[in-house]
Structures are given as structure tokens and as C-alpha cells.
Amino acid sequence: MKPIDTVKLEADMLQQGDRVRIHCPWCNATDEKSMLIVKDYDNITTYKCFRGTCPGRSTGRLGGLYVPTDIPKGMHRKKNKEFKDETIELPKHVAKWLKDKYQILAPSTWTYIVSKNRLVMPILNEFGYQVGTCTKKLPIELAIEGLDVYDYDHSKKSMVYWTNDSLHMHYTDVSFPDKTVVIVEDILSAEKMSYYTNNVALLCSDMTHEQAKELSKKYDTIVYALDPDMNAKMIRYKDKYSLAFKNSYVLLLDRDPKDTDMDILHSKLRLLGVI
């Protein structure tokens, strides 16, 4: 039996909105059920193996490779989609800068590109699997001594993303028991908000219908906490996707979530009644 036939058999047993984990028929991994099969409410079945060396690691759907058609306009993506820079363990002085500036304790998975002076953060899906990479341009004073400061950064963009995930979202590794999610723009904001809530980074400021539909399967309360220049857009999203969620709120801040003091975030979330 061909691997795709195995996927079809499993998919035929699923109802709309169901998902199942199986042993991948491509790499025949027996130590874990590495393949996820999902049938969405449009009756489209997608499948993906999370082992990096497996032929089935690209997100696909029955009938051919899944090619996302609704990519948020504000997301800076590399055409290659493959992250190739060599990284090292996050230097202590960069970790200290993150703590001092953003009140964030950098996760052990965050690394550093010496040649470009950029912070490297994995993009994670809802199961904690890495589905992409984000790099952030750091201040020139953080560059390691001896590096040519005129050559270290090859991109003018503050953040650059590499991802093959069709929904283009980053989930923080948090499992608060309630069904509330806070929506932010970037991974730094997501990491900071994770002290209080489940949250998802859109990796831009645009939210698509597909993203809202996927989030509504897991959460019944949504809080929009985008950057202050997106206040009008957040209000539109609250109205546009109101039927998808039981409760919808807008968190208005004077600064980006990552730049807002922790006590202020805590106070405003409490006022909304979501923590």
C-alpha cells in the first residue's frame, strides 16, 4: 500500500473538525506517532509529518501539495523558505539585554547569528513543533567585538520569517486551562504575554479568515492585543470575527505589548476579566 493510501484510509474515518496522530507511512517511525491528519470544516484533509528528515514533512492535502493562498500582506517572508544561517547559543549579554529591555527571560531555544547580529527564534505550532524561524535585528552595540559593523546585517527589515506552515502563526509553549487566547503581532510580545495567558503571534498585523477559524476550534474567548497603531484594525477584527468566538475583547495599549511594563499588562488583562 502506498503511503498516501494509508493517509486516505485514516482520513475517511474522520468527521469534519477531527484530527488524529498516526505512525507516518513515509518514514515508518515506530517510536512516535509523528504524522498529524486534520479534516477541517470545509472537508479538506491536510497531513504533515513532524520528523525533519521525512519526505512527508511538507504540509500536504489529499490530491496534491497544499499551497497557501491567503498569506498575510504584512509578513516579511523569504522566497527560499529555508533558514540556513549558522547560529550559536544565545550570548549572555544578549539575554541580559532582552531581560532589561523587555522583561523577558529568553527561552533556551533562542539562538544568535554572529555574522548578522540577529536574534533567532523558532516559530512553533500549537503542538510545540517548530514550523519556521524568525530572526530579529539587534542594536549595533550588541554585535560581538571584532565584527565588521558595516557588514553584520544583510537585511534592513527588523524581523524576517521563514515558514512553511500554512496558517503563519506562532504559539507560545503555554497551556493555561481556560479557553482564552490573546492575539499579538510578534514572538517577543507573545513570549512576554505568556506569563499570564495563552497567546498566538500572527507574525504580522493581518488576521485571516482561516486563522480565525482555526483559533475558534480551540478557544472561545479572544483578546486582540496588536500594536497601538493597529487599534482601528483590532476593532474591525472584533466585529468581523464576532460570530466565531463566544467573547471578543480589544486590549488598548499606549505601547507595543513587548514594550509595555508587566504590571500594566497584568492590570489591563484583569480589568478585561480574562485572568
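Which residue forms a salt bridge with K96, and how far apart are the closest N and O atoms? The partner is D100, and the closest N and O atoms are 2.7 Å apart. The views below come from a predicted model.

View 1. K96 and D100 both belong to helix α2. Four residues separate them, about one turn of the helix. Both K96 and D100 are exposed. Their salt bridge is one of five found in a search of the whole structure.

**View 2. The largest nonpolar core.** This core has 34 residues. L98, W110, L119, L188 and M193 have the most contacts inside it. Several elements each supply at least two of its residues, among them helices α2 (92–102), α3 (187–193) and α6 (262–272). Strands also do so, including β8 (118–124), β9 (130–137) and β10 (159–163). In general, nonpolar side chains of soluble globular proteins tend to be buried together.

**View 3. The surroundings of L98.** Residues up to four places away in sequence are not counted here. L98 then touches L90, Q103, I104, A106, W110, L119 and L188. Of these, W110, L119 and L188 are named with L98 among the residues with the most contacts inside the largest core.

**View 4. T111 in strand β7.** Strand β7 covers residues 111–113, and T111 lies in it. T111 counts as buried because its relative accessible area is 18%, under the 20% limit. Neighbours within four places in sequence are left aside in this view. T111 is then in contact with T87, I88, L90, R118, L119 and V120.

View 5. Helix α4 spans residues 209–216. Its residues Q211, A212, K213, E214 and L215 are buried.

**View 6. The salt bridge between K217 and E214.** These two side chains meet at 3.3 Å, N to O. E214 is buried, because its relative accessibility is 14%. K217 is partly exposed, with a relative accessible area of 27%.

View 7. K258 forms a salt bridge with D256. Their closest N and O atoms are 3.4 Å apart. K258 counts as buried, at 9% relative accessibility. Salt bridges with shared partners join D186, D256 and K258 into one network.

**View 8. An open sheet of five strands.** The strand order is β11-β13-β12-β14-β15, and the pairing is mixed. β11 and β15 (247–250) are the edge strands, each pairing on one side only. Strand β14 covers residues 221–224 and pairs with β12 in the parallel sense, over four bridges. Which residue of β14 is the bridge partner of T180? The partner is T221. In general, strands of a sheet pair through backbone hydrogen bonds, either parallel or antiparallel.

**View 9. K48 in strand β3.** Strand β3 runs over residues 45–49 and contains K48. Is K48 buried or exposed? K48 is buried, because its relative accessibility is 17%. K48 and C24 are 24 residues apart in sequence. In space, K48 and C24 are 8.7 Å apart, C-alpha to C-alpha.

Key
Residues are numbered from 1 along each chain as its sequence is written. This is a predicted model: local features need pLDDT of at least 70, side-chain atom pairs count only at pLDDT 80 or more; totals for chains, interfaces and linings use all residues. Side-chain values use heavy atoms; hydrogens and water are left out. A nonpolar core is a set of buried Ala, Val, Leu, Ile, Met, Phe, Trp, Tyr and Cys residues joined through side-chain atoms within 4.5 Å. Buried means under 20% relative accessible area, exposed over 50%, partly exposed in between (1.4 Å probe, protein chains only). Contact means heavy atoms within 4.5 Å. A salt bridge is a side-chain nitrogen of Lys or Arg within 4 Å of a carboxyl oxygen of Asp or Glu. Two strands pair if DSSP finds at least two bridges between them.
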